[in-house]
Amino acid sequence: MTLHGKTALVTGSTSGIGLGIALCLAKAGANLVLNGFGDSEAALAEVRALGGEARHHPADMTRPEQIEAMMAYAEAEFDGVDILVNNAGIQHVAPVEVFPVERWDAIIAINLSSAFHTTRLALPGMRARNWGRIINIASAHGLAASAGKSAYVAAKHGIIGLSKSVALETATTGVTCNAICPGWVLTPLVQAQIDERAKVDGDAARARHDLLAEKQPSLDFVTPEQLGELTLFLCSDAAAQVRGAAWNMDGGWLAQ
């Protein structure tokens, strides 16, 4: 398929899952607006090497006014957003009774509320063009819980609900909205968890195995490239009637 002439905005896309998705969309011909606090120049160079136009906007996804500025920037640079991938996210692990209030607020703001703001601002243009794809990166934790992750689980359950509501509101249009629910992906955040486990017994391979074995029966990580290919499918004509889905790519996590 080709996405030539389309513009994709991917939040949290200077590394990890977001960059993997951005690269896949760029390979299909889309122009990209990247966002995130990572190495934006390196990310832009990777995307541009695939032949497309790319820009970066440093919006803080906890700040609605900065999100509005980012969406206005995309409009000014590329005449709007055709494909919106809400990927930005953070994590904090602690029991509810000692969960820091400021961390709760930040997780809800970045993992959930930012997707509401980007969606409300992208939808008018998508409706006017009668074509659009909104893809929210949820998590296996959007469909199942884990102890110590109350804010993350609440936000990811919420983003699946948001996806369903938007899908219903756009059901008779050329705009679709869906959620992708990854299991373990070897991002820097997950690698840090492996490293912490390895400190206990000094065996990195065992730490990796044990982390996966707790949740993911395949005993292998999902890759950003695989998530990018699923995103590309959801942008295709073949997925025109995939609406309001929560599509898990999790090595069997949710089959248990």
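Which helix gives the most to the lining of the largest pocket? That's α6, with four residues; the views below start with the helix pair and then come back to the pocket.

A quick note on the model: this is a predicted structure, where local features need pLDDT of at least 70, side-chain atom pairs count only at pLDDT 80 or more, and totals for chains, interfaces and linings use all residues. Residues are numbered from 1 along each chain as its sequence is written, and side-chain values use heavy atoms, with hydrogens and water left out.

**View 1. Helix α1 packs with helix α2.** Residues 16-27 make up α1 and residues 40-48 make up α2 (helices are DSSP runs of H or I, at least four residues, numbered from the N terminus). The angle is about 25 degrees, with the axes 9 Å apart (axes are lines fitted to C-alpha atoms over the stretch in contact, and angles run from 0 to 180 degrees between N-to-C directions). The two helices are therefore roughly parallel (angles under 35 degrees).

**View 2. The contact between α1 and α2.** L19, L23 and A26 come from α1, while A43, E46 and V47 come from α2 (contact means heavy atoms within 4.5 Å).

**View 3. The largest pocket has a volume of about 930 Å³.** A pocket here is an open set of points on a 1 Å grid over the protein atoms alone, where a 1.4 Å probe fits, with protein on both sides within 12 Å along at least five of seven lines; lining residues have an atom within 4 Å of a point. The volume is the space filled by probe spheres set on the points, joined across faces, edges and corners. Of the 38 lining residues, N87, G89, I90, T187 and L189 are the closest to the centre.

How values were computed:
Angles under 35 degrees count as roughly parallel, over 145 as roughly antiparallel, 65 to 115 as roughly perpendicular and the rest as oblique.
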